[in-house]
Amino acid sequence: MFYTRNNTQNELELICLEELVPQDHLLRKIDKYIDFSFIVDKVRPYYCEDNGRPSLDPLVLFKMMFIGYLYGIRSERQLEKEIQMNLAYRWFLGLRISDSVPHHSTISWNRHNRFKDTDIFQEIFDEIVFQAIDHRMIGGRVLFSDSTHLKADANKHKFKRETVEVETREYINELNEAIDGDRKQNGKKPLKQREDVKKEKTIRVSKTDPESGFMSRDHKQEMFCYLDHRTTDMKYNIITDAFVTPGNVHDSVPYLSRLDRQIERFGFEVEAVALDSGYLTNPICKGLSDRKIFGVIAHRRYQPTKGLFKKSEFNYDEKKNSYTCPNGQTLKYSTTSREGYREYKSDSKICKTCPLLGKCTRSKNHQKVITRHVWEEHKEKVRQNRLSSSGKMLYKYRKEKVERSFADSKELHGLRYCRLRGLHNAGEQVLLTAACQNMKKIATRLAKLG
């Protein structure tokens, strides 16, 4: 029988919000298994106890932000509208159907005033990691790290060029000591101390978001962006660290300091790490060796000069501290440069008559020069690790762990673009997105266990 439903929108009904939210809804799982009570204690110092009008409940404020990051809602105006209509969101926030939704400007005001220049977002992220540790979802033994870019809200054509001072690397003092020790061991005089010459470089600075960095890499789009440096744990792929830098900072620069932070903050006993080729630097290989960590780093492909022997075809003798060329001639140690590279040179008189000279060098004085860093043995050890069965297994897992974490952030949580401008705001977006990803994993896992 043909039937049409009459308009019933104006009828009064007695309903219970609890019954309208599905029992298997993600927010129900998060509300059950994630303890948010720590937020009140963390933010209490930023509120006045006995003056002013009553504030919005901090739990409601942060839960609103969590909803935005969980479901990739980019705009705070849109977030307010979504909460207005979505019963599950209301239930999660503790709002009745008739309650008004907090104004979207409340989030902005707290971000730009109350929580400005604070570490509250880092503290919230850390507390979620601690909860994962309590639930035995983090091993802390094998870690995977990488970085990905977040496109800044800035036009790449609107910039100015500025000359800035090149930052001194953290390992420079240790390297200078190694250079002096190496020269002394090989009978060379210490290098004369030269006056501090400040190195400078010219960079592009965005007129829209000056704190972002211009990224120009092979096979990637040029843009102003930020970099999300992230570490995940092998056990359940929980994110254990998330750190933001401008897009023109190399991946390897903050790595060792962030690794040390995790070890100190969470008490990790790290045994192995797996990294992309961008981390294959002498300081990182040396740092992993000093920390007695099994490092697996992807091979960085070099393009040798066409028609000439590769460096690998020259055999290094550690005891004699020399190289041997394919024709059997010895390249003796010459000196150690300020940059930390030993130089090994051949005898030009012998090379001049060598039948392999055309494949060895094209220098006018017929002399072959090979350089070797003072920390090169640590890089060679990492290369051996990569070729071992354990190394191959670990590197295979890397794309299934940290790469998968980045993919989820971008596809499901809107981390492909920066919502706000400025390094601190980009850090907020990355930290809270990572915290929400961890919440999902913890809640989903515990719900399955019952």
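Reader: How many bridges join strand β11 to β12?
Author: Four, and β11 (residues 330–336) and β12 run antiparallel. Strands are DSSP E runs of at least two residues, helices are H or I runs of at least four, both numbered from the N terminus. Two strands pair if DSSP finds at least two bridges between them. This is a predicted model: local features need pLDDT of at least 70, side-chain atom pairs count only at pLDDT 80 or more, and totals for chains, interfaces and linings use all residues. Residues are numbered from 1 along each chain as its sequence is written, and side-chain values use heavy atoms, with hydrogens and water left out.

Reader: What stands opposite K345 in β12?
Author: K332.

Reader: And which residue in that hairpin takes a positive phi?
Author: G340, near 95°. The hairpin of β11 and β12 has four residues between the strands.

Reader: Which side chains of β12 are buried?
Author: R342 and Y344, which point to one face of β12 (residues 341–345). Buried means under 20% relative accessible area (1.4 Å probe, protein chains only).

Reader: What about β13, how many bridges join β12 to it?
Author: Five, and β12 runs antiparallel to β13 (residues 369–373). Y341 stands opposite H373 in β13.

Reader: Switching to helices. At what angle do the axes of α2 and α16 cross?
Author: Roughly 90°, and the axes of α2 (residues 26–33) and α16 (residues 423–449) come within 9 Å. Axes are lines fitted to C-alpha atoms over the stretch in contact, with angles from 0 to 180 degrees between N-to-C directions. That makes α2 roughly perpendicular to α16, a label for 65 to 115 degrees.

How values were computed. Parallel < 35°, antiparallel > 145°, perpendicular 65-115°, else oblique. Buried < 20%, exposed > 50% of the residue type's maximum accessible area, 1.4 Å probe, protein only.
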